[in-house]
Amino acid sequence: RRMSELCELYQQVILDHNRNPRNFGPLEGANRHQDGHNPLCGDSLTVYLLVDDHGLIEDIHFEGAGCAISKASASLMTSLVKGKTTAQAERIFADFHELVTSSVDSPVDDAKVGKLAVFAGVREFPMRVKCATLAWHTMRSALHNDDAPVTTE
């Protein structure tokens, strides 16, 4: 895929998920939740999870306020990890993190990252990587039942 096509797709996906975030709002019956904050950009969100006894993510929601990138990333994340096991969610997190922190020149493995490929554009703006990964770190913290709120500092 050409980078210009990817950039265009990236902008469309970001705008769509920012305007119509999936799984947005509190989650009734959530058994895990975590707050995340990116002081640099002012993004602030809470991730709610309903995880069953076998480690299956039955449902996931998020709420809060943030820039378009952080909201779109949270929205796409919830769509991708819902119905997955915690181990699968960890794998998706690792692939996403590797994608957005890799060098701008490194090729994007569409087969591995799927829809998340649209976030490859973030690599050009190191300050925005924190916006894109905030929800993911927060989700991961909630999965591990960590007590401390997540901050990108």
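Strand E2 (residues 43–51) and E3 run antiparallel and are joined by eight bridges; strands are DSSP runs of E with at least two residues, helices are runs of H or I with at least four, and both are numbered from the N terminus. Within this pair, Leu 50 has Asp 59 of E3 as its bridge partner. Two strands count as paired if DSSP finds at least two bridges between them. The open sheet has four strands in the order E3-E2-E1-E4, with mixed pairing. Strands E3 (57–65) and E4 (150–151) are at the edges with a single partner strand each, so one side of each lacks a neighbour in the sheet.

The model is predicted: local features require pLDDT of at least 70 and side-chain atom pairs pLDDT 80 or more, whereas totals for chains, interfaces and linings use all residues. Residues are numbered from 1 along each chain as its sequence is written, and side-chain values use heavy atoms, without hydrogens and water.

The protein chain contains five helices and four strands, and from the N terminus its elements run α-β-β-β-α-α-α-α-β. Further values for the chain are tabulated below.

| Property of the protein chain | Value |
|---|---|
| Box filled by C-alpha atoms, along the principal axes | roughly 45 × 30 × 25 Å |
| Buried residues (under 20% relative accessible area, 1.4 Å probe, protein chains only) | 44% of 153 residues |
| Contacts (heavy atoms within 4.5 Å) with a separation of 6 or more that join residues 24 or more positions apart | 59% |

Technical notes. Buried means under 20% relative accessible area, exposed over 50%, partly exposed in between (1.4 Å probe, protein chains only).
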